[in-house]
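Colleague: I'd like to learn how to read a few features of a model like this one. Can we go through them one at a time?

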Amino acid sequence: MYCELFQLTEPPFRLTPDPQFLFASKQHARAKAYMESTIWLADGFVVITGDIGSGKTTLIEAFVAELPEDVLLAHISQTQLTPVEFLQALLVEFGFRPFRKRKVELLSMIKDFMVEQYAAGKKILLIIDEAQNLSRKVLEEVRLLSGLELQKEKLLRIIIAGQPELSHKLDSGRLQQLTQRVRLRFHLAALSKRETHEYITHRLEVAGANGRQIFDPAARDMVFRYSGGVPRLVNVLCDTAMLCAFAEERTVVDEALVKAAVDELQWVEYSERIRAHQRGTDATGQFAHADRPMARIEVMHRDQLIGEYRVRPGKMIIGRTPDNDVQIQSRFISRHHAQVVSDQAQSIVEDLNSTNGVFIRSKRIKHQTLVDGDIIQIGEHRLLYRDLRNAADELPPPEDEDDDDDEEDGDDEDDFDEAEDGDNDDLDEDEGAEERLDERDR
């Protein structure tokens, strides 16, 4: 939209992860080096954590783009999975279609495939993004997979990335055997003020600025004040500021234009956001009790619950890519499909100009206030909305906190071969291609 005015070849501050735009800060370079070490050292996990918007996914995409030809990659970013679904997802990444296999068959297929690739001189790498959503049982499957070895060499290299909740989960003591296998661990923090200046300049140069100063120093200072150096927030603010400049036909973004963008976004300074979060208000300081969820959204596919999300004050973005708050991997879902905006009084669902639309009670909507029990239809997925503002009870405990007596973590690596059949009754998924939405509803 504004590229012609600024003489750029492409938008510099898109939210979609793009390895071409990776800014190699000191900490990002270090995290990437840790990830690269997995290619040569297969003894243990590498864990990368970072806050929402810190650049984890972009870093992973850049790392993947540079993998040697002898590395076979399985990249899993949809992590609301049961143990059987996780094993299926791993095999799908390698070209199998194991949807009607029992668990013991899945494990056998994985082991045979890895041994075959090892004999052919290949290395196998598993990257799990958004790993904070993995249940304890799935993480235990990952641990057991990591124990596969041949001639004293591990068959599987593993990188786990996720939000800070992943660190809390690993440090809880309930995954001690997994934690002991973590060889390298790194947390991506926000950019410093100097790095934020360099980040803005870097993305503009990649987009074709050719040395032209599009953001003046005072504007970049203000971007840092309001974004806190969080890359995604920097992108949102800079993109909005450039739109404001486009509206006024100005080719240099100054402090006033950034302030206009801040007003448009209704942001407060980042330091105040942190204090507001601690006080229980949102980024604009308008809502109280942010620690208590306003509502709950249950994501279902073919009447099976595949994910559950707490709705808090502010925006919850729903889409296909990992940078969304709710990720639904389906070709019917747009990259950024819809959003739910909530405050203490209500939640509103909005269509973000998606291809296939958002439906409630078979009617395509653009903007609608939700009531308890509403079902939001997005492609083949249904999102059940449960309003909790007047609920007396809190949400139930997470899945992996109420089964302490169901499963004990043994020390014997042969546990991998002792698969139980109890989780196999839910495997009869349709292998046919998904049907598109009715053309009349588009």
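Colleague: Where is E130 found?

Modeller: E130 is found in the loop between β3 and α6. Helices (H or I, at least four residues) and strands (E, at least two) are DSSP runs, numbered from the N terminus. Keep in mind that this is a predicted model: local features need pLDDT of at least 70, side-chain atom pairs count only at pLDDT 80 or more, and totals for chains, interfaces and linings use all residues. Residues are numbered from 1 along each chain as its sequence is written, and side-chain values use heavy atoms, with hydrogens and water left out.

Colleague: What should I look for in the backbone there?

Modeller: Most residues other than glycine have a negative phi. E130 has a positive phi of about 55° although it is not a glycine. N210 is another case, with a positive phi near 55° in a residue other than glycine; N210 sits in the loop between α9 (193–206) and α10 (217–227).

Colleague: Are E130 and N210 buried or exposed?

Modeller: Buried means under 20% relative accessible area, exposed over 50%, and partly exposed in between (1.4 Å probe, protein chains only). E130 has 10% relative accessibility, so it counts as buried. N210 has 66%, so it counts as exposed. Across the protein, 50% of the 442 residues count as buried.

Colleague: How do I read burial along a helix?

Modeller: In α5, the buried residues are K103, L106, L107, M109, I110, F113, M114 and Q117. Seen down the axis of α5, they fall within an arc of 160°, so they line one face of the helix. The arc is taken from the directions from the helix axis to the C-beta atoms. On the other side of α5, E116 and A119 are exposed.

Colleague: Which elements do the buried residues of α5 pack against?

Modeller: β2 (71–76), α4 (83–93), β3 (123–128), α6 (136–146) and β6 (156–162). Contact here means heavy atoms within 4.5 Å. After α5 comes G121, with a positive phi near 80°.

Colleague: What about a residue in a strand?

Modeller: Take V341, in strand β12 (residues 338–342). At 26% relative accessibility, V341 counts as partly exposed. Leaving aside residues up to four places away in sequence, V341 touches G314, K315, Q346, S347, I348 and E350.

Colleague: And how many cavities are there of 30 Å³ or more?

Modeller: Two. A cavity is a set of points, on a 1 Å grid over the protein atoms alone, where a 1.4 Å probe fits but cannot get out; lining residues have an atom within 4 Å of a point. Grid points are joined across faces, edges and corners, and a volume is the space filled by probe spheres set on the points. The largest cavity has a volume of about 50 Å³. Its lining residues include Q78, Q80, V299 and Y309. Strand β9 gives the most to that lining, with three residues.

Conventions
On a 1 Å grid over the protein atoms alone, a cavity is a set of points where a 1.4 Å probe fits but cannot get out, and a pocket is an open set with protein on both sides within 12 Å along at least five of seven lines; lining residues have an atom within 4 Å of a point.
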